[in-house]
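Thanks for coming. I will go through one structure, starting with its sheet and ending with its salt bridges. Please have the sequence and the 3D view open.

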Amino acid sequence: MPRPRLIRNNGGSGSAAGRSSSFTSVGACTCMVAVIMFALMNIRQSSTSGYIDGTLLRMTNAVMEGSASTATTTQSSTTTSSSSVKTVFSSSMKEWRESSIKRCKEFVNGITDDKSTKVLEDKEQLEKNIISKLSLPSSISSTIPPEIQKQPYARCKNVFIDLGTNIGDSVGYFIDNAIDSCSPLWVAKYPRTKFTADFPRPHLDVTTVQVQHKGNKGNPLFGLLQKQAQNIPSESFCVYGMEGNPTFTERLRKLENYIREMQPRPVQHLHIFTESVVTAQDGPTKLYLDKTSVEQNFWGSSILSSQQDAVKSANELNKGQVFSADVMGISLSSMVKNTVLAFKEGVTDVDKQGGLLIIKMDVEGAEYQVLKEVAETGILCEYAKMGNRVVFVVEYHNMSITDPKERRREQNGHKEALEKLKQCGVDFQKLQAIWA
């Protein structure tokens with residue numbers, strides 16, 4: 001994978017201009033770090049407020065919103081200070097990845113029999129050793145930090161949005177791609193490899209919230225993410241999830257905190273919006289709950305009251321009355337506008353292009369209104385026309401909507417919306433229902 005590079009601003013070998021620019025950059029970075037540390041100390045000492053002061057929040061966001069290009073190009077002294085702070089973070093993950101890939105290459109190049117039990121055992125041991133170089137949290141809180149509660153959004157050049165997060169499987173697959181250095185090299189040499197439960201590879205188990213090294217079967221979304229994000233460092237991504245079912249709130253918060261506390265962190269920013277669903281408009285709404293699909297983690301909950309599993313739960317458990325929860329609706333257009341760097345006011349032309357937006361949507365029938373909403377606002381088309389890629393992974397639930405009137409209402413205008421999005425460059429992908 002190409003890695004981010006820090007290009008020095010050379011004003012000539014040993015020139016005064018070069019030295020002046022270098023001193024200015026270092027000074028600006030030092031000032032930024034000093035101010036942030038001072039503010040953090042004041043926050044810790046204060047017992048009257050759990051929130052980060054707005055000024056510090058804006059400065060922190062400025063650091064987080066730096067794109068990959070700010071890590072490779074020296075601009076003004078203010079921009080340099082932000083990118084310098086972020087570059088230290090990115091370099092840490094970059095160094096870990098480069099070291100891991102080097103060791104994996106040496107191992108894979110020496111293999112003569114990929115079916116050997118001893119070879120597979122050696123692969124597992126090597127990957128355990130590689131993962132041990134990461135600092136993984138030993139205890140996990142379900143409390144989201146105040147600064148994230150106050151400002152959950154950060155903007156990145158590359159973004160993955162998981163609509164219908166459930167227990168966090170898709171977020172876990174994204175992290176798997178970030179920490180699995182050996183398997184891509186193995187598959188490149190042995191392309192017929194099957195990712196069975198016995199094939200060793202690192203996997204973030206979202207149930208135990210621990211990195212495991214065996215027991216994870218192949219998943220189509222894992223492969224799709226690996227293919228679409230190839231050669232893009234994981235730490236250049238903002239990752240967002242959205243799940244409405246209150247049953248999963250605590251465990252998703254723990255998952256979010258676990259990933260955020262990994263050192264080096266495999267993503268630039270992560271937040272899972274719990275008790276929130278994607279809708280055609282922003283604002284409070286209802287989620288109709290699946291209470292019977294226990295083994296499938298209640299996968300049939302929907303904002304549509306006639307969704308088959310919500311109806312089944314009502315008939316079997318509640319005398320025909322559907323279970324519901326009050327949740328917050330967030331439109332996909334709002335999510336994109338608040339998370340993608342290209343839509344930040346005042347962003348440079350360089351940062352408006354060359355990005356990647358991956359959206360996975362599994363929302364039990366609500367996909368029709370969501371697609372119509374983003375087609376109407378044109379935000380995905382605008383993003384694509386800037387020179388960015390949009391990959392949209394959709395699972396359709398046509399017959400899951402049992403009320404014919406509700407089904408017709410949802411599907412009316414969908415084909416036209418889909419065609420409009422395809423025509424402007426949105427790349428649609430389908431996956432089977434086994435992938436969560």
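Six strands form an open sheet in the order β5-β4-β1-β9-β10-β11, and the pairing is parallel. Two strands count as paired if DSSP finds at least two bridges between them. Strands here are DSSP runs of E with at least two residues, helices are runs of H or I with at least four, and both are numbered from the N terminus. The edges are β5 (269-274) and β11 (427-430); each has a single partner strand, so one side of each has no neighbour in the sheet. From one strand to the next the twist averages 15 degrees.

Before going on, a word on the source: this is a predicted model, where local features need pLDDT of at least 70 and side-chain atom pairs count only at pLDDT 80 or more, while totals for chains, interfaces and linings use all residues. Residues are numbered from 1 along each chain as its sequence is written, and side-chain values use heavy atoms, with hydrogens and water left out.

Strand β10 (residues 389-394) runs parallel to β11, and 4 bridges join the two. In that pairing, Val-391 stands opposite Asp-427 of β11. Helix α12 (residues 367-377) lies across β9 (356-361), β10 and β11, and runs at about 150 degrees to β9. For the angles, axes are lines fitted to C-alpha atoms, for helices over the stretch in contact, and the range is 0 to 180 degrees between N-to-C directions.

Now the chain as a whole. DSSP gives 15 helices and 11 strands. Of the 436 residues, 53% are buried, meaning under 20% relative accessible area; exposed is over 50%, and partly exposed is in between, with a 1.4 Å probe and protein chains only. Among contacts with a separation of 6 or more, 79% are between residues 24 or more positions apart, a contact being heavy atoms within 4.5 Å.

How far does the confidence go? The mean pLDDT is 83, and 78% of the residues reach 70 or more; pLDDT is the predictor's confidence in each residue, from 0 to 100. Over residues 1-90 the pLDDT is below 50, and this stretch has 91 contacts in the model beyond near neighbours in sequence.

Last, the charged pairs. Side chains of opposite charge can pair when their charged atoms come close. The whole structure has 14 salt bridges, each being a side-chain nitrogen of Lys or Arg within 4 Å of a carboxyl oxygen of Asp or Glu.

One of them joins Glu-235 and Arg-97, with the closest N and O atoms 3.0 Å apart. Glu-235 is in the loop between α8 (220-228) and β4 (237-243) and Arg-97 is in helix α3 (residues 77-109), so the pair ties together parts 138 residues apart in sequence. Both residues, Glu-235 and Arg-97, are buried.

Another links Asp-122 and Lys-118 at 2.9 Å, N to O. These two are 4 residues apart in helix α4 (residues 117-131), about one helical turn. Asp-122 is partly exposed, at 31% relative accessibility.

Which residue does Lys-214 bridge to? Its partner is Glu-124, at 3.8 Å between the closest N and O atoms. Lys-214 sits in the loop between β3 (210-212) and α8, and Glu-124 in helix α4, so the pair ties together parts 90 residues apart in sequence. Lys-214 is partly exposed at 44%, whereas Glu-124 is buried at 16%. Through shared partners, salt bridges join Glu-124, Lys-128 and Lys-214 into one network.
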